[in-house]
Each structure stands twice: as structure tokens, then as C-alpha cells.
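Subject: A structure for you to look through

Dear colleague,

I am passing on a structure that I would like you to read alongside this message.

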Amino acid sequence: MDAKDEVMRGLTDLEDYLYWDAYRRAAQDRAADFAARVPGLSEGQKADIEWWYVEEQIRTSLTIADHVTDQIAMVEARHTERYTRLRRNACAALAFLAGVVLILCVSLVLATVD
């Protein structure tokens, strides 16, 4: 891996982290807003609600990411299978066409010899 690839990977990792951190902070803000509107909660209960909500949001986003990754892998496998089949059929058609051309050339040579 050359330096440019390492830099690009580092930037991608940094971007992913910043996106994840923004998502986590937004979830924490939503939980804090919710907990602040519920009367009678202690600070510990508010902190528990915030922690639980953030963890649930992270778990949900990971589940969705896994599902999307699985779907992409499935589509990619189907595409690879279709492309392989297409190449195989194209090769067979080309071989058939080459055979027909060869037979026509042989027939032409034999017809001119007579």
C-alpha cells in the first residue's frame, strides 16, 4: 500500500469516526431532551435513560449496517454470477460462430477445388 492509499484510508476512517460521533451526540441530545421533559426523575435516572437510548441507537445502527452489508454482498454475488454466465454464453456463441465461419471457409475451398 503506498502513501496515497494510506492517507485516503486514514481520511475515510476519520470521516467515519466523525459521522459516528455526530450520530452519537445527536442521540444523546435527543435522550437528554426527553429526560428533561419527564418530571420527577433523578439525575441518575436521567443519565440511565440517556445511556440506554444512546446504546440502543448504536445497536440499531449497527444492525442496519450489517443488514445493508449483507444485501450488498448478496447483490454483488448475483451480479458476479450473472456476469460469469454472460461471459460463458458469449464465449460459446463466439466459438459457434467461429466454427460456422470455418465450415463455410472449408466449403468454399472445397467448392473451388472441384
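Before the record is quoted, a word on its terms: UniProt positions are given in the numbering used here, feature names are shortened, and annotations may be inferred rather than shown by experiment. With that in mind, UniProt, in an unreviewed entry, places the feature "transmembrane region" at residues 91-113. This is a predicted model, in which local features need pLDDT of at least 70 and side-chain atom pairs count only at pLDDT 80 or more, while totals for chains, interfaces and linings use all residues. Residues are numbered from 1 along each chain as its sequence is written, and side-chain values use heavy atoms, with hydrogens and water left out.

Overall form

The chain has 2 helices and 0 strands, where helices (H or I, at least four residues) and strands (E, at least two) are DSSP runs, numbered from the N terminus. Its radius of gyration is 31 Å, well over the 13 Å that the globule rule gives for 114 residues, so the chain is more spread out than a compact globule; the radius is taken over C-alpha atoms, and the rule is 2.2 Å times the number of residues to the power 0.38. Taken along the principal axes, the box that the C-alpha atoms fill is roughly 110 × 35 × 15 Å. The span that the record marks, residues 91-113, is 100% helix and 0% strand, and its end C-alpha atoms lie 33 Å apart.

Of the 114 residues, 7% count as buried, a word that means under 20% relative accessible area, with exposed meaning over 50% and partly exposed in between (1.4 Å probe, protein chains only). The chain exposes about 9,700 Å², of which carbon and sulfur atoms supply 64%; accessible areas come from the Shrake-Rupley method with a 1.4 Å probe, and for residues only the protein chains shown count as cover.

Helix H1

Which residues make the nonpolar surface patch of about 700 Å²? The patch is made by Val7, Met8, Leu11, Leu14, Tyr17, Leu18 and Trp20, and Leu18 has its place in helix H1. Patches are made of residues with over 30% relative accessible area and no salt bridge, like charges being joined within 9 Å and nonpolar side chains (Val, Leu, Ile, Met, Phe, Trp, Tyr) within 5 Å.

The structure also holds 1 aromatic pair. The ring centres of Tyr17 and Trp20 are 6.0 Å apart and their planes stand at 35°, so this pair is tilted; rings of Phe, Tyr and Trp (its six-membered ring) pair if their centres lie within 6.5 Å, and planes under 30 degrees apart count as stacked, over 60 as edge-to-face and the rest as tilted. Both residues lie in helix H1 (residues 3-37), 3 residues apart, which is about one turn of the helix. Tyr17 is partly exposed at 47% relative accessibility, and Trp20 is partly exposed at 36%.

Ala35, also found in helix H1, is buried at 0% relative accessibility. Ala35 and Asp48 are 13 residues apart in sequence and 9.5 Å apart in space, C-alpha to C-alpha.

Salt bridges

Side chains of opposite charge can pair when their charged atoms come close. A search of the whole structure finds 5 salt bridges, each being a side-chain nitrogen of Lys or Arg within 4 Å of a carboxyl oxygen of Asp or Glu. One of them joins Glu81 and Arg85 at 3.1 Å, N to O, and these two residues lie 4 residues apart in helix H2 (residues 43-113), about one turn of the helix. Salt bridges that share partners also join Asp21, Arg24 and Arg25 into one network. The closest N and O atoms are 2.7 Å apart between Arg24 and Asp21, and 2.9 Å apart between Arg25 and Asp21. Asp21 itself is buried, at 11% relative accessibility.

With kind regards
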